[in-house]
Amino acid sequence: MQAFDRHTKTGTATQHAAPLVRVWDLPLRLFHWLLALCFAGAYLTAELEDWRVLHVTLGYTVAGLVLFRLLWGIWGTQHARFASFVRGPQAVMAYLRSLLTGQPAHYTGHNPAGAVAIVLMLALALLLTAAGWLLYTERVGEWMEEVHESLANMLLLVVIVHIGAVLLSGRLHGENLVRAMLTGMKAGRQGEPDQAPRTLIALLLLLAVLAFWWLQLA
């Protein structure tokens with residue numbers, strides 16, 4: 001478990017701020033923002049028949065990104081691996097209780113509640129794209145359209161809750177978690193090394209997405 005107190009307090013003074021380290025590697029950050037872009041675009045074009053090709057393209061991209069994330073959750077850098085942040089119900093409840101105190105335990109990587117949201121989003125995204133594929137290829141009846149729409153709304157709800165939790169957690173911890181997912185830098189433990197940026201993997205991921213878009217939309 002990688003929880004730690006970000007600050008050591010003496011009376012009302014706050015001292016010894018934890019150092020910033022590179023926590024999120026570049027492939028993880030690229031995945032995060034591409035997934036957000038593709039899901040938002042697919043959701044907004046869902047009812048627009050003239051934009052169906054774009055909707056389907058973005059949906060397939062979501063599926064590919066999630067598959068990449070599953071692999072990166074095994075072979076990625078430390079804080080990208082599921083083994084480093086997916087924890088049991090007791091850890092999740094303990095973290096939620098610490099939120100109520102206004103002084104939640106700080107984690108270098110994802111906190112236990114955030115891990116739940118991540119797993120839910122990945123699972124819902126896979127189910128959503130599978131339902132979309134079955135619907136688009138007409139392998140099932142029109143009832144799948146309702147399933148597809150319901151899954152999209154469920155995923156949107158989880159995303160909204162996740163964003164709210166990120167903003168709340170960031171405020172309580174006194175750090176900008178949105179900026180951390182842009183820069184990769186986050187408060188870490190004393191002496192903790194930076195994670196490798198893995199720039200080549202990120203570049204290959206971006207090129208694969210752009211090539212797929214070109215093949216679909218050109």
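Which helices each supply at least two residues of the lining of the second largest pocket? They are α1, α2, α5 and α6, and the views below lead up to them.

**View 1. The whole chain as a predicted model.** This is a predicted model, in which local features need pLDDT of at least 70 and side-chain atom pairs count only at pLDDT 80 or more, while totals for chains, interfaces and linings use all residues. Residues are numbered from 1 along each chain as its sequence is written, and side-chain values use heavy atoms, with hydrogens and water left out. The secondary structure comes to 8 helices and 6 strands, where helices (H or I, at least four residues) and strands (E, at least two) are DSSP runs numbered from the N terminus. Starting at the N terminus, the elements follow the order β-β-β-β-α-α-α-α-β-α-α-α-β-α, and the C-alpha trace spans about 65 × 35 × 25 Å along its principal axes.

**View 2. Confidence along the chain.** The average pLDDT (the predictor's confidence in each residue, from 0 to 100) is 89 for the chain, and 92% of the residues score at least 70. Over residues 5–16 the pLDDT is below 50, and this stretch has 19 contacts in the model beyond near neighbours in sequence, a contact being heavy atoms within 4.5 Å.

**View 3. The largest pocket.** A pocket is, on a 1 Å grid over the protein atoms alone, an open set of points where a 1.4 Å probe fits, with protein on both sides within 12 Å along at least five of seven lines, and its lining residues have an atom within 4 Å of a point. The largest pocket has a volume of about 1,100 Å³, a volume being the space filled by probe spheres set on the points, which are joined across faces, edges and corners. Its lining holds 48 residues, of which H32, M121, H162, I163 and V166 are the closest to its centre. Helix α6 gives the most to this lining, with 13 residues. The lining of the largest pocket divides into 36 nonpolar, 9 polar and 3 charged residues, where Ala, Val, Leu, Ile, Met, Phe, Trp, Tyr, Cys and Pro count as nonpolar, Asp, Glu, Lys and Arg as charged, and the others, Gly among them, as polar.

**View 4. The second largest pocket.** About 800 Å³ of space lies in the second largest pocket, and of the 29 residues that line it, A46, H55, L135, E145 and H148 are the closest to its centre. The lining of this second pocket comprises 14 nonpolar, 8 polar and 7 charged residues.
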